[in-house]
Amino acid sequence: MLLIFVQSGALEGGAAQCSALRGGAAAGLVSSPAAQHAFRPAGRSAVRLQEWAARPAWESADMPTYDYRNQTFPVILAGMRRCREDRGAIPALLEQLVERDFFSYFPVNLITPCMYFPSGDAGCEMATCEIRAARERDIPPAVIARDREEYNFLIDGWVSKDMPSDFTEYFDLRESASRNTGYNGQRVWRFIHTNLCFQKRLQQEEMGWKRDFNRLVSGMHAVVDCEIIEDIGLSEEGRCEYRRRLRDEPGSILNLYYAYMLTLSAIREVSKGPSFESCAYLGDASIPPLMRALTSDDLLASDSVQSAAASLRAHASSPDFAVWKLRLRTRHLKLIMGCVECNVCKVHGTVLVIGLASTLQVLLGDDGSRDATQPAEERPDPLKLDRVSLGSLVATAAKLSRACATVERFREFDGEDLSQAYFGAPRPHADPS
C-alpha cells in the first residue's frame, strides 16, 4: 500500500537480495543511501530535480530508529505478548465493523498540493496506483448528510479532515483495498522520519512523550510494510521483504503492537463517552451490538494492554510535555499526504493518519492530559468524535490487527529466532523509557 520504503534502510545485503528478486529500484525496493537518492521521476521532473543546487540536510540524513529499550520497553512487550496469546474475537469484530458503510466511506481530496518539497508534474503513472472513487449514487445519502453537518473543528486540534466539496471524492475502502502498488514513496517517508518525528533530547528521561510519538509513527510505517508483504505473499520474495522491512528493522514490530494497543484503548475510552450509545451509526442497527462486543472484550480491559495508554499518559504528565507539538505534528502528517503521488496510498494513508490522531485525542484530550482544568460544559469532549474520526479510528484498528496477523504468519514462515523478530538487532545499552 503506502509509500514503499523501510524505516531506517535495513541491511544492504538483504536489500540487494530483495532487489534482485523484484528488479531493483524500479520496484521501489531501495535501501542503501546511494540507492535511496538514485530514484527520480521520469520526464521533465527529472530535469528539474537535477537543477537543484542545494538540497536540504534531511534529504541525505541518516534515518532514525525507534527501538527505545528501558522502562517502557517491558511494558509494551508484556502487552504485545498478551495480544499474541489472546487475540480473541477482536479481529473478527473489527472486520465485521469495517464492512459497514459507517466505517468504510471516507472523503479524500486527491488534488491537494504538496507543500513540503517540490514534486513532479504528474502523479504515479502505474495502473496499480489508481483508485476508483465511489459513484455518487452508491454513497449512502446519510453519510454525506452527516459529514456535511460535522464540519466544525479546532484550528489547533489534532487533525482536520477533507470536507465534502467539488474537489473531494468519497472512497469505499471495501472496494479499494490497500495493496503493493510498486510506488516509491521513499522521499515522503524520509521527510516524515527526519522532520516530523522528534530528534532532539530523546535520551532524556522526561522526553518519554516524544519517544511515544515516534513509536506511533514507526507503528504506522510498519502497517504499510505489512500490507506490502501481505500482498507479495508467503514466498521467498515475501520472506526477504519481511526480514528487511520488519524483522531486521529495530523496534518496528514492537511499535506496531504499541500502536495497536493504543487504538484498542482509545476505542474502549470512546465507549465511556456520552455519545457512544446515542450514536445511530447512520441507522445501521447491526453496529451497536458489534461495538458493545468489541469494547467489552477482555483483551481491551486487560492491564497489559491498557498499560500502553497508561504509559502514554504518564509521560504526558511531565512538566516538559508540550501537547501542541504533538497536535502540530499530527496535522502535518495529514497534510503531507498531499505529497504522496499514489492515489491508493494517499487514500489509505489519510484514513490511517486520522485514525492515529483520533487515538491521541481520545487518550490525551485537547489539553494533553484530560485534566478537568475547566468546567466540563466549557471543554470540548475528546470522546465525542465525528463520523470520519470514529470511522478512521476503527478502520485503523482493523489495519493494525491485520498487520499483527501478517507479522505472525511471516514469523512462522521465516522460522528465525523469535527474539530477533520481536526486538530487532541487539542494542549495547539501555535508553530512557
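## Helix 15

Helix 15 covers residues 343-364, and its 22 residues should span 32 Å at 1.5 Å a residue; the end C-alpha atoms lie 31 Å apart, which agrees. The expected span is 1.5 Å times one less than the number of residues. Helices (H or I, at least four residues) and strands (E, at least two) are DSSP runs, numbered from the N terminus. This is a predicted model, in which local features need pLDDT of at least 70, side-chain atom pairs count only at pLDDT 80 or more, and totals for chains, interfaces and linings use all residues. Residues are numbered from 1 along each chain as its sequence is written, and side-chain values use heavy atoms, with hydrogens and water left out.

Gly365 follows helix 15 and has a positive phi, near 80 degrees.

## Disulfides

The structure holds 2 disulfides (pairs of cysteine sulfur atoms within 2.5 Å). One joins Cys114 to Cys339, with an S to S distance of 2.0 Å. Cys114 lies in the loop between strand 1 (105-108) and helix 6 (141-149), and Cys339 in the loop between helix 14 (323-335) and helix 15, so this pair ties together parts 225 residues apart in sequence.

Cys342 and Cys345 form a disulfide with sulfur atoms 2.5 Å apart. Their link is right-handed, with 70 degrees about the S-S bond, and both residues are buried.

## Contacts of Phe103

Setting aside neighbours within four places in sequence, Phe103 has contacts (heavy atoms within 4.5 Å) that include Leu97, Tyr281, Met291 and Val394.

How values were computed:
Buried means under 20% relative accessible area, exposed over 50%, partly exposed in between (1.4 Å probe, protein chains only).
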